[in-house]
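Dear colleague,

Please find below the structure that I am handing over to you. My notes on its contents follow directly after it.

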Amino acid sequence: MNSNDLERYKKEMMAMYGRSTAHGSENQTEAPAVTGNDEDTYSGISEDIDEVDPDVPDDSAFGPHEDEDNPDDVEEDYNSRYPEPDLSDLGDDEDVTEEIDSEPPEYVSEESLGSSKGYILVNVRAGEESEAIEGATVLVTAIVGGNRMILASGVTDQNGTSPKFELPVPALGLSQSPSPDSRPYNLFDVSVTAKGYFNARSVDVPVFSGITSVQNFSMIPVPMFMEPSDETMTYFNQEPDLRLPS
């Protein structure tokens with residue numbers, strides 16, 4: 001390339017560079033200045049902002065707010081969502097009371113109690129079994145011939161333990177039968193009295209032939225500000241279920 005060609009090349013390049021620069025300047029625009037007359041422009045922007053985006057879920061779908069205008073509607077909606085549980089099938093306290101206060105078993109005569117022997121042993125302790133109660137009176141009774149009969153009695157020793165009471169019960173063979181025709185055990189009431197404590201009674205204590213039924217009493221002291229009374233703390237025993245599983 002000679003000097004003439006080189007000079008011509010430089011001029012062409014300068015010309016091309018000038019056209020490119022001029023074209024870039026033409027495409028540049030300045031941002032319009034904001035003036036007091038452009039309030040309409042900003043109001044339009046504000047309206048766009050206030051529009052609800054359809055992709056954003058409405059928060060009303062999540063339930064009523066605490067600050068709703070009508071609190072009654074809020075409470076009604078809450079109650080419909082979370083209704084009160086139905087406790088009618090559970091019965092009431094009256095049913096329990098009637099079941100507990102059912103008549104005790106009655107024996108026609110002493111002979112009807114049975115010819116076999118069963119036993120009851122009683123342990124008497126102070127509240128929460130903190131110490132033994134010596135000298136407590138223990139009675140074992142049952143309804144015989146329409147009257148309450150004392151079948152055994154005794155006093156606790158220094159260990160708070162009564163003598164082993166021997167009681168008449170049905171024959172042993174009945175308790176070994178899978179479906180006995182009559183009750184294979186007798187039910188007795190055990191009463192305990194001790195000075196300075198509320199009276200206590202255990203009702204319907206089951207006794208089988210040849211078996212010792214142990215009854216533990218935790219006596220409740222009478223508070224100092226209360227006068228001694230005949231009030232009795234009663235404990236109910238559940239009869240054994242001798243039915244075979246189905």
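A194 is in contact (heavy atoms within 4.5 Å) with I133, A136 and M219, leaving aside its neighbours within four places in sequence. The residue lies in the loop between β6 and β7; helices (H or I, at least four residues) and strands (E, at least two) are DSSP runs, numbered from the N terminus. With a relative accessible area of 13%, A194 is buried; the term stands for under 20% relative accessible area, with exposed meaning over 50% and partly exposed in between (1.4 Å probe, protein chains only). A194 and M219 are 25 residues apart along the chain, and their C-alpha atoms are separated by 8.4 Å.

Please note the basis of these values. This is a predicted model, in which local features need pLDDT of at least 70 and side-chain atom pairs count only at pLDDT 80 or more, while totals for chains, interfaces and linings use all residues. Residues are numbered from 1 along each chain as its sequence is written, and side-chain values use heavy atoms, with hydrogens and water left out.

Confidence and overall composition

The average pLDDT of the chain (the predictor's confidence in each residue, from 0 to 100) is 75, and 59% of the residues score at least 70. Over residues 93-101 the pLDDT is below 50, and this stretch has one contact in the model beyond near neighbours in sequence. The secondary structure comes to five helices and nine strands, which follow the pattern α-α-α-α-β-β-β-β-β-α-β-β-β-β along the sequence. The chain has 246 residues, of which 22% count as buried. Among contacts between residues at least 6 apart in sequence, 64% join residues at least 24 apart.

The sheet β5-β2-β8

Three strands form an open sheet in the order β5-β2-β8, with mixed pairing; two strands pair if DSSP finds at least two bridges between them. The edge strands, β5 (165-169) and β8 (212-218), each pair on one side only. On average, and with direction ignored, neighbouring strands of this sheet are turned by 30° against each other; the axes are lines fitted to C-alpha atoms, for helices over the stretch in contact, and angles run from 0 to 180 degrees between N-to-C directions. Strand β2 (residues 116-125) runs parallel to β8, and seven bridges join the two. Within this pairing, L121 stands opposite V214 and V122 opposite Q215. The pairing of β2 with β5 is antiparallel, over five bridges, and places Y119 opposite E166.

Strand β3 (residues 137-144) is mostly covered, with six of its eight residues buried.

- Strand β1 (residues 106-107) pairs with β3 in the parallel sense over two bridges, and E106 stands opposite I143.
- Strand β4 (residues 147-155) pairs with β3 in the antiparallel sense over eight bridges, and S153 stands opposite L139.
- Strand β6 (residues 186-193) runs antiparallel to β3, joined by five bridges, and S191 stands opposite L139.

β3 and β4 also form a hairpin with two residues between them, and G145 in the turn has a positive phi of about 60°.

Charged side chains

Side chains of opposite charge can pair when their charged atoms come close. A search of the whole structure finds one salt bridge, defined as a side-chain nitrogen of Lys or Arg within 4 Å of a carboxyl oxygen of Asp or Glu. This salt bridge is formed by the side chains of D189 and R148 (3.0 Å, N to O). D189 lies in strand β6 and R148 in strand β4, so the pair ties together parts that are 41 residues apart in sequence. D189 counts as buried, at 6% relative accessibility, whereas R148 is partly exposed, with a relative accessible area of 44%.

Not counting residues up to four places away in sequence, D204 touches P105, L187, F188, D189 and N237.

With kind regards
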